[in-house]
Amino acid sequence: MASSDVCPGFLQVLEMLFTDSKSNYKAALEFYSPGSELQDAGMQLKKLVDTLPEETRKNILKLSEKILTSPLCNQGLNV
């Protein structure tokens, strides 16, 4: 599903999901022309994320960064 290289734009959108306003996040999604169904799904996700405490959102981004920068990142999961 995903390649070993992470699209920098994806990382920006992910960060916006957790830190930015709904309107800025929506504009970031629209840049990729996802279609209305996928756009709606993204906005529903944003609504849910915005209910999390700010500290939790920050920690989720830190966790994401830790995973992406880990030497184990390219090995994949054997779960």
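A salt bridge is a side-chain nitrogen of Lys or Arg within 4 Å of a carboxyl oxygen of Asp or Glu.

## Basis

This is a predicted model, in which local features need pLDDT of at least 70 and side-chain atom pairs count only at pLDDT 80 or more, while totals for chains, interfaces and linings use all residues. Residues are numbered from 1 along each chain as its sequence is written, and side-chain values use heavy atoms, with hydrogens and water left out.

## Salt bridges

The structure holds 2 salt bridges. One joins the side chains of Glu54 and Lys58 at 3.5 Å, N to O. Both residues lie in helix α4, 4 residues apart, about one turn of the helix. Glu54 counts as exposed at 51% relative accessibility. Lys58, at 41%, counts as partly exposed. (Buried means under 20% relative accessible area, exposed over 50%, partly exposed in between, with a 1.4 Å probe and protein chains only.)

Asp50 and Lys46 also meet through their side chains in a salt bridge, at 2.9 Å, N to O. Asp50 is partly exposed at 28% relative accessibility. Lys46 is buried at 0%.

## Helices α1 and α4

Helices here are DSSP runs (H or I, at least four residues), numbered from the N terminus. The axes of α1 (residues 8-19) and α4 (residues 54-69) come within 9 Å and cross at roughly 160°. That makes α1 roughly antiparallel to α4, a term for angles over 145 degrees. Axes are lines fitted to C-alpha atoms over the stretch in contact, and angles run from 0 to 180 degrees between N-to-C directions.

Leu11, Leu14, Glu15, Phe18 and Thr19 in α1 meet Arg57, Ile60, Leu61, Ser64 and Leu68 in α4. Contact means heavy atoms within 4.5 Å.

Technical notes:
Helices (H or I, at least four residues) and strands (E, at least two) are DSSP runs, numbered from the N terminus. Angles under 35 degrees count as roughly parallel, over 145 as roughly antiparallel, 65 to 115 as roughly perpendicular and the rest as oblique.
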